[in-house]
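Subject: Handing over a structure

Hi there,

Here is the structure I promised to pass on to you. Please have a look at it first, and then read on for what turned up.

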Amino acid sequence: MSAVLPTYARAPIAFERGEGARLFTADGEAYLDFAGGIAVSLLGHAHPGLIKALTDQAAKVWHVSNVFQIPGQERLAQRLCEASFADRAFFTNSGAEAMECAIKTARKYHAVGGHPERYRLITFEGAFHGRTLATIAAGGQAKYIEGFGPKVEGFDQVTALDIDAVKAAIGPETAGILIEPVQGEGGVRVVPDAFLRALRELCDDEGLLLICDEIQCGMGRTGKLFAHEWAGVTPDIMAVAKGIGGGFPLGACLATEEAARGMTAGTHGSTYGGNPLAMAVGNAVLDHVLVPGFLEHVQEISLRFKQGLAALVDGHPDIFRGLRGRGLLLGLECVVPNTEVVAAARNAHLLLVGAGDNVVRLLPPLNITAEDVSAALEALEQAAIALEANSARSA
Ligand SMILES: *Cc1c(COP(=O)(O)O)cnc(C)c1O
């Protein structure tokens, strides 16, 4: 019996080391990693620039408290703000903590504005915002909420991307609207740009805050630094994590100066959040993402990958029904159970991860090469053929 709490359904495989888009077992078997630690390994494994940043900083100082100045934190905050809509950043160790900060920032904004009763957020069906008590309530999925005591108050979920439904959900206690521009866990569901624009307009009309959860879809994943940029609108508050640390546990809550007006000294904090080691890695990740041409590479390689995937779907209609997603946050809609596709791909030495809506997610490193994309397409072809042979046998 494992001494680890059995909260995960783990695949029967372990890895000893990684290099670029590949992971290696102790036996030296190579696997193409298109799960990416779930959109975390933004620059692949064992990236020399990230190793250098981490080890250089490790020899200086790992951790000091946020009661002191942390120059790396000032620098990363400044750079993230210059590259986005934001004026302020708060650093965390995970996505859920970045979301907690976003929720608290929204509530505090109205409280200091004289409306403490405005604490509720409108959220969307299929959302995933994390596993803390508040973020499971925000996500609204019964299987994550049940058995954990009273659901945290303050989240009103609408079932469709329907602007009239959102309007109908607004009340005197509404503080804002919380949305993932691309739902990751929910099944790689891209929010139409027009809908995000309509939400922005609605927030402006009603004095509400627009909060984007870009924990999965941000940091260049969709081919823009942040996914909301595709719609040509900006949120007031945004949670980021996953790719921002390239594998080092790091998250951030970004906000405009106005939206962050209530978050003054003493209102929020974190022991580890933004420590020197995390900031060294975060700055090094950003060095690469901000290189001119990096995001264009994501868009170009995505186009190539999507063409190959569309051909795969056409060639295997009994296995796949379609393709969705943006940039390198892509999803194959499956006909057979997505768990079977993930397992068959793993047999072909390609690592993928499932999502809602019976989708499998493809989340390669953003610096992936055309050769590795071709190798992934070949593995998927093999997996599809194996699955067809399976269903022919059982028919
Ligand atoms: C992963 C994820 C989270 C939670 O992040 P953790 O680091 O696991 O706490 C929240 N929102 C979205 C959209 C995510 O993909």
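How far is the sulfur of Cys101 from the closest cysteine sulfur, and in which residue does that sulfur sit? The closest one belongs to Cys253, and at 3.7 Å it is too far for a bond. For a disulfide, the pair of cysteine sulfur atoms has to be within 2.5 Å. The structure holds zero disulfides. Cys212 is in none either, as the nearest cysteine sulfur, that of Cys217, is 7.5 Å away. Both of these cysteines count as buried, with a relative accessibility of 3% for Cys101 and 1% for Cys212. Buried here is under 20% relative accessible area, exposed is over 50%, and partly exposed is in between, with a 1.4 Å probe and protein chains only.

A word on the basis of all this: the model is predicted, so local features need pLDDT of at least 70 and side-chain atom pairs count only at pLDDT 80 or more, while totals for chains, interfaces and linings use all residues. Residues are numbered from 1 along each chain as its sequence is written, and side-chain values use heavy atoms, with hydrogens and water left out.

Now to the chain as a whole. It has 12 helices and 17 strands, taken as DSSP runs (H or I of at least four residues for helices, E of at least two for strands) and numbered from the N terminus. Of its 395 residues, 51% count as buried. The C-alpha trace spans about 65 × 55 × 50 Å along its principal axes.

One spot to look at is Ala21, which sits in the loop between β1 (17-19) and β2 (22-24). Ala21 is buried, at a relative accessible area of 7%. Its C-alpha atom is separated by 19 Å from that of Lys52, 31 residues apart along the chain.

Finally, the ligand. Around it are Ser94, Gly95, Ala96, Phe128, His129, Gly130, Glu180, Asp213, Ile215, Gln216 and Lys242, each having a heavy atom within 4 Å of it.

- A backbone N or O atom of Gly95 is 2.7 Å from a ligand oxygen atom.
- A backbone N or O atom of Phe128 is 3.2 Å from a ligand nitrogen atom.
- A polar side-chain atom of Asp213 is 2.7 Å from a ligand nitrogen atom.

Of the 380 Å² of accessible area that the ligand has on its own, the protein covers 81%, by the Shrake-Rupley method with a 1.4 Å probe.

Best wishes

Methods:
A polar contact is a pair of N or O atoms within 3.5 Å; within protein, one must be able to donate a hydrogen and the other to accept it, and residues adjacent in sequence count only if both atoms are side-chain atoms.
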